[in-house]
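Have a look at it first, then read on.

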Amino acid sequence: MTDISPYEPSLIHSFALWLDSHAWSTALHESLWVYPLVESTHVLTVMLFVGMLAMVDLRMLGVAFRETPVSEMTRRVLPWSVAGFVIMMATGVVLFYAIPVRTAHSVWFRVKVILLIVAAINAWWFHRRVSLDRDRWDSQPKPPFNVRLTAAISLGCWTGVIVFGRMIAYNWFDCERSQSAFIAWAAGCAAELDS
Amino acid sequence: MTPTWCESFGWFDAYDRMEQTWIGEVIRESLWLFPGIEAVHLLGLAMLGGSVLVVDLRLLGLGLTRLTTRQVSANAKPWFIGALVLMFATGIPLFLSEAIKCCFNHSFEVKIAALALGIVFTFGVRNPLAARSDAPVWVARVVGLVSLGLWFTVAGAGRWIGFSG
């Protein structure tokens, strides 16, 4: 194969292989208790992180806490969500570290990461642009369209992150099974086969 | 391992019949249905978590402290009930697809017990208390903690059903 076209394994694949070579990665993956506990913490933190964020988003959509200023929600509820996000990222990194190669080549995981990036851009856009004239709509039961739009995008992204995150556990699109050209491309299967 | 209630009280036949229902059959025969329903079940968990936490944190003197416990509870209530409906609508089919496994699963019985207690406690104790303005602070805190403990037990034991075979 390599004598026809020398294939450079992708950076992602090389990185995942390097993580996989760590003794700690294997120990985590094979642990009887630690992996399930970290995994459960990751799942349960959805209550804190997405749950609290949803309360803020629903307020911005004008369907919950309509009498409460949006600034009160972002000041008093959002920090709890941020704390949840930190736990999510920390446990998520550990879960990735335990099963790096398969996860890096998971189509579900890849879409999940894209949705995370979209959610981050959306949050940045809200803080940078949308919330500039907050004083004008802070106490409105139903905020203007662009505020509701960012809230809807946020809820949509996190819904997708939860669904795609859950699906990582299923092996339908794993590289070691035969896949369509599209899935093989999306999952970066060639890199895995080549090294 | 000690036997589950299902084993001790001889509920196996009932669980077996529930596993044989057409809903259970359809889910077992499908590749996508169980994961799909499970994912929606998780979305319900996020919603349930937010609507429970915002009230319990307020009872603990955290979060939306400029609002009364009554206001926070009233705003969260429709979302809590909506989340609960979504959880039942997805949880019952998931159970029907693997009822026999649940009969021998300790996590499942812990979850169901905590769920029953959680519902009774939320509607019977916590919400009535949150609606009052004269409850002693320490009572509100204990109630908030008990509620958090119950709902996180439901979620944690629920996740553990899958790990405990």
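What follows goes from the two chains to the place where they meet, and then to some single residues.

## Before we start

This is a predicted model, in which local features need pLDDT of at least 70 and side-chain atom pairs count only at pLDDT 80 or more, while totals for chains, interfaces and linings use all residues. Residues are numbered from 1 along each chain as its sequence is written, and chains are lettered from A and ligands numbered from 1 in the order in which they are written.

## The two chains

Let's take chain A to begin with. It has eleven helices and zero strands, where helices (H or I, at least four residues) and strands (E, at least two) are DSSP runs numbered from the N terminus. The C-alpha trace of chain A spans about 65 × 40 × 25 Å along its principal axes. Of its 195 residues, 33% count as buried. Here "buried" is for a residue with 20 or more other C-beta atoms within 10 Å of its own, "exposed" is for 12 or fewer, and "partly exposed" is for anything in between, with C-beta atoms placed from the backbone.

Chain B has eight helices and zero strands. Its C-alpha atoms fill a box of roughly 50 × 35 × 25 Å, again taken along the principal axes. In chain B, 41% of the 165 residues count as buried.

Among contacts in chain A between residues at least 6 apart in sequence, 78% join residues at least 24 apart. For chain B, residues 24 or more positions apart account for 79% of the contacts with a separation of 6 or more.

## Where the chains meet

Between the chains, 25 residues of chain A are in contact with 27 residues of chain B. On the chain A side, α3 (34-61), α4 (70-76) and α9 (145-167) each supply at least two residues. The largest share, twelve residues, comes from α3(A). By class, this side of chain A has 18 nonpolar, four polar and three charged residues. For these classes, Ala, Val, Leu, Ile, Met, Phe, Trp, Tyr, Cys and Pro count as nonpolar, Asp, Glu, Lys and Arg as charged, and the others, Gly among them, as polar.

Now for a pair of helices across the boundary. Two packed helices are described by the angle between their axes and the distance between the axes. α3(A) and helix α4 (residues 33-59) of chain B pack at an angle of about 75 degrees, with their axes 7 Å apart. Axes are lines fitted to C-alpha atoms, for helices over the stretch in contact, and angles run from 0 to 180 degrees between N-to-C directions. The two helices are therefore roughly perpendicular to each other; angles under 35 degrees count as roughly parallel, over 145 as roughly antiparallel, 65 to 115 as roughly perpendicular and the rest as oblique. Residues of α3(A) in this contact include A:V46, A:M52 and A:M55, and those of α4(B) include B:L42, B:G50 and B:V54. The residues of the contact divide into 14 nonpolar, three polar and no charged.

## A closer look at α3(A)

α3(A) has 28 residues and reaches 39 Å from its first C-alpha to its last, close to the 40 Å expected at 1.5 Å a residue; the expected span is 1.5 Å times one less than the number of residues. The helix bends by about 35 degrees at A:T45, the bend being the angle between axes fitted to the seven residues ending there and the seven starting there. Of its 28 residues, 20 are buried, leaving α3(A) mostly covered.

One residue in this helix is A:M52. It is buried, with 28 other C-beta atoms within 10 Å. Leaving aside neighbours within four places in sequence, the contacts of A:M52 are with A:V77, A:W80, A:S81, A:G84, B:G50, B:L53 and B:V54.

α3(A) is followed by A:G62, whose phi is positive, near 80 degrees. Most residues other than glycine have a negative phi. A:F65, which is not glycine, has a positive phi near 50 degrees. A:F65 lies in the loop between α3 and α4 of chain A and counts as buried, with 25 C-beta neighbours inside 10 Å.

Over in chain B, helix α5 (residues 69-97) has 29 residues and reaches 40 Å, close to the 42 Å expected. A kink of about 40 degrees lies at B:K77 in α5(B), shortly before the proline B:P78.

Notes
Contact = placed C-beta atoms within 7 Å.
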